[in-house]
Amino acid sequence: MNARIRRFLFYLLLIIIWELVYKAGIWSPILFPSPFTVGKTLYNGFVDNSFVLAITCSLQRLLISYAIAVVIGVAVGILMGKYKVIDETVGSLIVGLQSIPSVVWLPLALLWFGMNEKAIIFITSLGGTWTMIVNTDTGVKSVPPIILRAARTMGAKGTKLFWHVVIPAAVPSIITGMRLAWAFAWRALMAGELLSSGTGLGQILMMGRNLSDMSQIVAVMIIIGMIGCLVDNLMFKKVELNIRRRWGLLIV
Amino acid sequence: MIALCLTGCGKTAGHKQVVRVGYFPNITHGPALIGFAEKRFAKELGSSVELQEKTFVAGPALMEALIAGEVDIGYIGPIPAINGYVQGADISIISGANNGGAVLVAGENSGIKKVADLAGKKVAVPQFANTQDISLRHILKEHNLKDVSKGGTVEILQVAPADMQLLFSRNQIDAALVPEPWGTQLVKDAKARIILEWNEVWNNGNYPTTVIIARNEFIMNKPEIIKKWLEVHREIVKYAAAEPEKARNSMSRQLKKLTGKELKAETLKSAVERCKFTAEIDPATIREFATLSYEAGYLKFKPNLTGLLSYPKEK
């Protein structure tokens, strides 16, 4: 409770500072909109449904891409963790690919898939996949030796040991990977939508630019931040906390 | 101290007066291309003025620069000018620069022969809420067509003109409304077909695609520079009509300098023939543009453009 009140007061203070800076008139209102204008834009956008449509569209893309990223990421990560050959070959490539920002793929994606959903889904999936692979791989490799030894003493071997001991032990790391992959995919999606065509939050933001409407830009930025924050707080933090508690990594 | 430096350094370099001008490397911005290529502006303004050119690829970016006070005079489409003005930008349209110069083209496999065939097709414009986008929506309206977001069948996409050729060849778009020289290039290189010539798009081609705007602060403080600028502009318009070949050579030279690419002489010729350089402004069409922009949902209310158009009328 207390933390909530503190948080509320903090944001209230931020908005007050924002309003004061606006009132000080350092920048013209067209460059620096007031919290009131932005609030009005947010309100209008939700009332005329355009923000809701854009959010739905963006989240839909994100969910598809994210599912692809998690499935491919976990599969490749497990293979890398289990087979040394794959780790030595594919692993090195993944490290290289991970350092390429996913939006860099956009020109290629537009050529391969055309100006449509597929191109954006492609780069958004890429955004999450590498992190997912790396985290799964790390999880598989860093199972505490004591657990492995205990399992072996109890007679677990080969595939049984792998599926019943190693994989569950890698879950905390996989969950961390899922959380990171979500954040990376979200960023890739926004970059893709900004540069591509169609509908979505990125597009509404660009429209704000086309119309020189700074309040629309700020409103969309707030929505993007809030969605990221909500998903992280409501889903991943809780899941991660539960897993950690189950694995005794968190002493409460 | 900082404020002093900002205003001081921004306006004068040494004892020179700095005038910053924004335009696009584009045929519809021809008068600016000619003026800079032949150093006409520099000659008229004299050695006490330092001219800084800034080139942009789209109106919104130039509008941002004007609002931020980084550009004093800008060649821009009327729609970004209206959008900026509606948001509160302190600017005025001081002259026309070009009318027409945009064509509606369709891909060779699209099966589109007339505007009515656009139903169910994908049509590209360089940017949403720009002058071509608004013109396209006007054409659709005249033919009782609607875009998808309004419950119709025509899908409007925003595609950078440079990418259009590729998307045409891969049948990703069926038609496009583009300014010159892109229209001519699409016809020559992507075998696109002209559906509406420049003078059929709207009002016999008598609608502005480029206007000259300036920050009101600059207009008030430097009226003599604005006056000279407009004199040179009128001369260029006359010269381009009287000696088209020389004018084309100058445009070509400036485009080469700005983009590193050379336009083929015949492409340039046919592109320039679709443009009508002018110094006139037709306030009625600009108001009409604003109405269309409002009807397209880009503007939340029908704006009163009096301030934007209130620069003293041409003598």
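Where in chain B is B:Ala129 found? In this predicted model, B:Ala129 is in the loop that runs between strand 7 (122–125) and helix 6 (131–142) of chain B. Its backbone has a positive phi of about 65°, although the residue is not a glycine. Most residues other than glycine have a negative phi, and most peptide bonds are trans. B:Ala129 counts as buried because its relative accessible area is 2%, and the cut-off for buried is under 20%.

B:Lys191 also has a positive phi, about 55°, and is not a glycine. This lysine is in the loop between helix 8 and strand 10 (193–196) of chain B. B:Lys191 counts as exposed because its relative accessible area is 57%, and the cut-off for exposed is over 50%.

The peptide bond joining B:Glu180 and B:Pro181 is cis, with omega about 10°.

The next topic is the contact between the chains. Chain B contributes 23 residues and chain A 19 residues. About 1900 Å² is buried between them, and carbon and sulfur atoms give 54% of that area. In chain B, the residues that lose the most area to chain A are B:Ile67, B:Gln87 and B:Gln158, together 27% of what that side buries.

Between the two chains there are 2 salt bridges. One of them joins the side chains of B:Glu64 and A:Arg209, at 2.6 Å from N to O. Helix 4 of chain B gives the largest share of the side that touches chain A, 5 residues. The residues of that side are 13 nonpolar, 7 polar and 3 charged.

Definitions and conventions: Residues are numbered from 1 along each chain as its sequence is written. Chains are lettered from A and ligands numbered from 1 in the order in which they are written. This is a predicted model: local features need pLDDT of at least 70, side-chain atom pairs count only at pLDDT 80 or more; totals for chains, interfaces and linings use all residues. Side-chain values use heavy atoms; hydrogens and water are left out. Helices (H or I, at least four residues) and strands (E, at least two) are DSSP runs, numbered from the N terminus. Buried means under 20% relative accessible area, exposed over 50%, partly exposed in between (1.4 Å probe, protein chains only). Contact means heavy atoms within 4.5 Å. Buried area is the accessible area (1.4 Å probe) that two parts lose on being put together, summed over both. A salt bridge is a side-chain nitrogen of Lys or Arg within 4 Å of a carboxyl oxygen of Asp or Glu. Ala, Val, Leu, Ile, Met, Phe, Trp, Tyr, Cys and Pro count as nonpolar, Asp, Glu, Lys and Arg as charged, and the others, Gly among them, as polar.
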